[in-house]
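Let's take a walk through this structure together, going from one group of side chains to the next. Please keep the sequence and the 3D view at hand as you read.

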Amino acid sequence: MTEREEIQAAIGEWNNGLDSGDTERMVASCHPDVMTVNERQPVTIGTQAIRDKYNPRIAAAEITSGYDIEDLQVYGDTAIVSGRFYGTMKMRDTGEVKKPEGRLVLGYKRDENGAWKMFLDIDNNGPA
């Protein structure tokens, strides 16, 4: 597998966890000290912050998600990827369908087993 394919698979693990409502699968794709910098929200550090942020979202909506890689730079055991995220959130209480989308920069580094783990998530919402 190429490095790009490995990173795409790591992103896919996150998205599959999100789409299936499995925050532990999402957390397993992350470095323990993952930093999340989401638009109009405080910066968070660590996998518990991922659980705290996404458990309520998953409880509130059926989610589908995707990510298109636009650029990937690999620096040894560290990779920075930029691209576009998109998806749907069907709200469980109202049936309303929201369509979040925006730009997303992710940082990955290899763990001791050689697996890519997300250590940085920076996004902004809105049109491309």
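A residue is called buried when its relative accessible area is under 20%, exposed when it is over 50%, and partly exposed in between, using a 1.4 Å probe and protein chains only. By that rule Tyr54 counts as buried, because its relative accessibility is 9%. Before going further, note that this is a predicted model, in which local features need pLDDT of at least 70 and side-chain atom pairs count only at pLDDT 80 or more, while totals for chains, interfaces and linings use all residues. Residues are numbered from 1 along each chain as its sequence is written, and side-chain values use heavy atoms, leaving out hydrogens and water.

A pair of aromatic rings is described by the distance of the centres and the angle of the planes. Here, rings of Phe, Tyr and Trp (its six-membered ring) pair if their centres lie within 6.5 Å; planes under 30 degrees apart count as stacked, over 60 as edge-to-face and the rest as tilted. The structure holds 1 aromatic pair. Its members are Trp14 and Tyr54, arranged edge-to-face at 5.3 Å centre to centre, with 90° between the planes. This pair links distant parts of the chain, since Trp14 belongs to helix H1 (residues 3-20) and Tyr54 to helix H3 (residues 47-60), 40 residues apart. Helices (H or I, at least four residues) and strands (E, at least two) are DSSP runs, numbered from the N terminus. Trp14 is buried too, with a relative accessible area of 9%.

What sits over the ring of Tyr54? The charged end of Arg57 does, 4.8 Å from the ring centre. For this description, NZ of Lys or CZ of Arg must be within 6 Å of the ring centre and within 35 degrees of the ring normal. Elsewhere, the charged end of Lys109 sits over the ring of Phe119, 5.4 Å from its centre.

Now turn to Thr23, which is found in helix H2 (residues 23-28). Leaving aside neighbours within four places in sequence, Thr23 is in contact (heavy atoms within 4.5 Å) with Tyr54, Asn55 and Ile58. Thr23 counts as buried because its relative accessibility is 8%.

Pro56 also lies in helix H3, but this residue is partly exposed, with a relative accessible area of 48%. The C-alpha atoms of Pro56 and Tyr67 are separated by 22 Å, although the two are 11 residues apart along the chain.

Finally, visit strand S2 (residues 44-45), where you will find Ile45. Ile45 is exposed, at a relative accessible area of 51%.
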